[in-house]
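Here is a short briefing on one protein chain. Look over the sequence and the model first, then read the points below.

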Amino acid sequence: PAVGQPRSRAAAAERAPPARRAMATFAEVLTGIVRQARRDETERRRQAEQWLAHEGRLLDKAVEAFKVRCLKAAEEEKCEAAISFEVLTRDIVGFPTRTVANSTILVDSWGAGAAAGWFYASRGTSEEWSQGTPVNFAALLESMMPKFVEKVEALGFQKCARIPGTWKVSACWSPPGGGGNGEPPEKKAKKDKGGS
């Protein structure tokens, strides 16, 4: 380099006026903040993905339990069942457990999952989870309920829906020899004859 020209950025920064050096340092701090925020966001997304994988396994277990209850109803010659998702979760190994605190049902233990992962999966990754924040058990169930209903609907029931205001899912299937409308054959026959 020619005489008087700086050899590196560091040498240029040393020769710069003090205000110029402070601005460069402040800009570097800002860059560091952005870099850390991106790392944090990536970590939150990773935690959300871990929860979603865990949640998927829990929902699969809940669907299997739902099927068992439907099989029992069919063995009792019923063509419908209304089954509580909340009740099913009580018997699922690894499902978050509940406790009562000040008349509020809260998540007690997350099993193999983590509160932060649930928070990021259900609320997004833009806000940071505050460790130790209590989670209402109903909020956990509500976040899972639509996914549970969707999985149950995929089983091919004639009718399948959440009963409004409850944790129950109602499902019905065709009776043997029935017209496929979910009614027992004797009710269908009465309607066909003009009865009630």
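A residue is called buried when its relative accessible area is under 20%, and exposed when that value is over 50%. With that cut-off in hand, take Ser 103: its relative accessibility is 75%, so Ser 103 counts as exposed. Keep in mind that this is a predicted model.

**The three-stranded sheet**

- Strands of a sheet pair through backbone hydrogen bonds, and the pairing is either parallel or antiparallel.
- Here, 3 strands make an open sheet, and their order is E1-E5-E4.
- The pairing in this sheet is antiparallel.
- Strand E1 (80–84) and strand E4 (159–162) are the edge strands, each with a single partner, so one side of each has no neighbour in the sheet.
- From one strand to the next, the twist averages 10°.
- Strand E5 covers residues 168–172 and pairs with E4 over 4 bridges.
- In that pairing, Ala 161 sits opposite Ser 170 of E5.

- Thr 97 stands opposite Ser 109, which belongs to E3.
- The hairpin has 2 residues between its strands.
- Asn 102 in this hairpin takes a positive phi near 55°.
- Ser 103 lies in the loop between E2 and strand E3 (104–109).
- Ser 103 is not a glycine, yet its phi is positive, near 65°.

**Other positive phi angles**

- Most residues other than glycine have a negative phi.
- Glu 77 is not a glycine, but its phi is positive, at about 65°.
- Where is Glu 77 found? Glu 77 is in the loop between H2 and E1.
- Is Glu 77 buried or exposed? Its relative accessibility is 75%, so Glu 77 counts as exposed.

**The nonpolar core**

- The largest nonpolar core holds 38 residues.
- Which of them touch the most other members? They are Phe 66, Leu 140 and Phe 148.
- Six elements each supply at least two residues of this core: helix H2 (18–75), E1, helix H3 (85–89), H4, helix H5 (137–153) and E5.
- H2 gives the largest share, 9 residues.
- Leaving out residues up to four places away in sequence, Phe 148 touches Leu 59, Ala 62, Val 63, Phe 66, Phe 85, Leu 88 and Val 169.
- Helix H4 spans residues 115–123, and its buried residues are Ala 115, Ala 116, Gly 117, Trp 118, Phe 119 and Tyr 120.

**Aromatic rings**

- The whole structure contains 10 aromatic pairs.
- One of them joins Phe 85 and Phe 95 edge-to-face, with 6.5 Å centre to centre and 85° between the planes.
- This pair links distant parts of the chain, 10 residues apart.
- Phe 85 is in helix H3, while Phe 95 is in the loop between H3 and strand E2 (97–101).
- Phe 85 and Phe 95 are both buried.
- Phe 157 and Trp 173 form a tilted pair, with 6.0 Å centre to centre and 45° between the planes.
- Phe 157 lies in the loop between H5 and E4, and Trp 173 lies in the loop between E5 and helix H6 (185–192), so the pair ties together parts 16 residues apart in sequence.
- Phe 157 and Trp 173 are buried too.
- Ring pairs link Phe 66, Phe 85, Phe 95, Phe 137, Phe 148, Phe 157 and Trp 173 into a cluster.

**Cys 172**

- Cys 172 belongs to strand E5.
- Its relative accessibility is 8%, so Cys 172 counts as buried.
- Cys 79 is 93 residues away along the chain, but the C-alpha atoms of Cys 172 and Cys 79 are separated by 5.6 Å.
- Which residues does Cys 172 contact, leaving aside neighbours within four places in sequence? They are Cys 79, Glu 80, Phe 157, Gln 158 and Lys 159.

Technical notes
Residues are numbered from 1 along each chain as its sequence is written. This is a predicted model: local features need pLDDT of at least 70, side-chain atom pairs count only at pLDDT 80 or more; totals for chains, interfaces and linings use all residues. Side-chain values use heavy atoms; hydrogens and water are left out. Two strands pair if DSSP finds at least two bridges between them. Axes are lines fitted to C-alpha atoms, for helices over the stretch in contact, and angles run from 0 to 180 degrees between N-to-C directions. Buried means under 20% relative accessible area, exposed over 50%, partly exposed in between (1.4 Å probe, protein chains only). A nonpolar core is a set of buried Ala, Val, Leu, Ile, Met, Phe, Trp, Tyr and Cys residues joined through side-chain atoms within 4.5 Å. Contact means heavy atoms within 4.5 Å. Rings of Phe, Tyr and Trp (its six-membered ring) pair if their centres lie within 6.5 Å; planes under 30 degrees apart count as stacked, over 60 as edge-to-face and the rest as tilted.
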